[in-house]
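Hi,

Here is the structure I promised to pass on. Have a look at it first, then read my notes below.

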Amino acid sequence: MGRILERLGVDVDFPAAQTCCGQPQYNTGYRRETAPLVRRTVDAFAGYDHVVTPSGSCAAMVPAPPPLPCDPLGRRGKTARGRQEQEQH
């Protein structure tokens with residue numbers, strides 16, 4: 001994917017701090033253990049205008065802007081889908 005974007009003239013960067021977004025842990029019930037992974041991922045991409053991922057499920061774990069759809073950070077609020085639905089009405 002990176003090569004394709006570069007051929008299209010896009011500057012591509014892979015931050016060294018990126019890791020698993022935590023979705024497998026979250027989906028198997030390890031909510032508390034997921035929070036540090038999500039925080040690390042959010043922090044790793046904080047300075048970027050756009051993030052491209054081949055995985056829709058990873059993208060759902062790292063929304064812009066927070067709160068996170070899965071709420072592993074303990075924040076209260078609507079999910080990304082809920083915000084989109086509300087904005088459309």
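Let's start with a rule: rings of Phe, Tyr and Trp (its six-membered ring) pair if their centres lie within 6.5 Å, and planes under 30 degrees apart count as stacked, over 60 as edge-to-face and the rest as tilted. By that rule, there is 1 aromatic pair here.

Keep in mind that this is a predicted model, where local features need pLDDT of at least 70, side-chain atom pairs count only at pLDDT 80 or more, and totals for chains, interfaces and linings use all residues. Residues are numbered from 1 along each chain as its sequence is written, and side-chain values use heavy atoms, with hydrogens and water left out.

Now the overall layout. The chain has 5 helices and 0 strands (DSSP runs, H or I of at least four residues for helices and E of at least two for strands, numbered from the N terminus). Of its 89 residues, 24% count as buried, meaning under 20% relative accessible area, with exposed over 50% and partly exposed in between (1.4 Å probe, protein chains only).

Where is Val 10? You'll find Val 10 in the loop between α1 (2-7) and α2 (23-27). Val 10 is partly exposed, because its relative accessible area is 39%.

One more thing to look at: Arg 31 sits over the face of Tyr 26, 3.7 Å from the ring centre. For that, NZ of Lys or CZ of Arg must be within 6 Å of the ring centre and within 35 degrees of the ring normal.

Cheers
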